[in-house]
Amino acid sequence: MNRIGIIFAMKEELEATLEKLEVINEFKIFDLDFFECKYKDKTCVLVECGIGKVNAARCSQILIDNLEIDVILNVGVAGGISSFVNICDVVVADKLVQHDFDLRPFDYERGFIPKVGKYINCDEYLVKLASEINIDNKISIGTIASGDIFVTEEMMGKKINDKFSALCVEMEGAAIAQICYLSNVPFLVIRSISDSPNGNNNITFDEFLDQSSKMAANFLIQLLNKIN
Ligand code: ADE
């Protein structure tokens, strides 16, 4: 795994990682700006995909089709919906689900996608490497739920935690997982907690976006050190 695609939804998330790498080349595909970076023996291709599942899916497919990457990592922030996670903790997904995918009128379980499934597993080798990283006991491994909603209502967060046993919510990870699954590309999602749905967590999000982005970036660097 020497050529690594790294997808961020927002500029702040991208910049927290760009600061830590040496950019050797920049190029554009359509509206997307790609930053080819060197880290030790690895080449990382960083890109800001924009917010939401469609942007994330489209960017993943562009990386896979054009840039000969061996693996995709998705790095950024998320809203905590479990009592086990706190602001600025890191959550590594072992699997992802789309909490807003709903074909229940046709007898599918909530979140189930025909020909794909309900949960999509991250690459086992990457999850194992991530599980060996310890930053002050602030790392959790579990389910991440994605949907095209910035979750603010506490009840909605509770419901997503209850229905999918998810630790946090965000808006891209499961779409990237779906594309990687369909194209047979290994992937991992790494998020740090910026807020927790409580009615006004859009304020907390703004306050902690930079700090939690840095936590996720630090974790990513530790993971890059371990990937063979
Ligand atoms: N990303 C960060 N916080 C989030 C939230 N509360 N809902 C969805 N995506 C998020």
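Tutor: Strand 5, strand 9 and strand 10 each give at least two residues to the lining of the largest pocket. Strands here are DSSP runs of E, at least two residues long, and helices are runs of H or I, at least four long, numbered from the N terminus. A pocket is found on a 1 Å grid over the protein atoms alone: an open set of points with protein on both sides within 12 Å along at least five of seven lines, lined by residues with an atom within 4 Å of a point.

This is a predicted model, where local features need pLDDT of at least 70 and side-chain atom pairs count only at pLDDT 80 or more, while totals for chains, interfaces and linings use all residues. Residues are numbered from 1 along each chain as its sequence is written, and side-chain values use heavy atoms, leaving out hydrogens and water.

The largest pocket has a volume of about 240 Å³, the space filled by probe spheres set on grid points joined across faces, edges and corners. Its lining has 18 residues. Val77, Phe150, Glu170, Met171 and Phe205 lie nearest the centre. By class, the lining holds 11 nonpolar, two polar and five charged residues. Nonpolar means Ala, Val, Leu, Ile, Met, Phe, Trp, Tyr, Cys and Pro; charged means Asp, Glu, Lys and Arg; the others, Gly among them, are polar.

Now the ligand. The space it takes is the largest pocket; a molecule sits in a pocket if more than half of its atoms lie within 2 Å of the pocket's grid points. Around the ligand are 13 residues, and Gly79, Ile149, Val151, Glu170 and Asp195 come nearest. To be near, a residue needs a heavy atom within 4 Å. Strand 5 (71-80) supplies the largest share of this shell, three residues. Strand 9 (166-170), strand 10 (187-195) and helix 6 (201-226) each supply at least two. The shell has eight nonpolar, three polar and two charged residues.

Next, the polar atoms. A nitrogen atom of the ligand lies 2.6 Å from a side-chain N or O atom of Asp195. For Val151, a polar backbone atom is 2.9 Å from a ligand nitrogen. For Gly79, a backbone N or O atom is 3.2 Å from a ligand nitrogen. The protein covers 96% of the 260 Å² of accessible area that the ligand has on its own, by the Shrake-Rupley method with a 1.4 Å probe.

Notes:
Polar contact = N/O pair within 3.5 Å; in protein donor to acceptor, adjacent residues only side chain to side chain. 1 Å grid on protein atoms, 1.4 Å probe; cavity = no way out; pocket = protein on both sides within 12 Å on 5 of 7 lines; lining within 4 Å.
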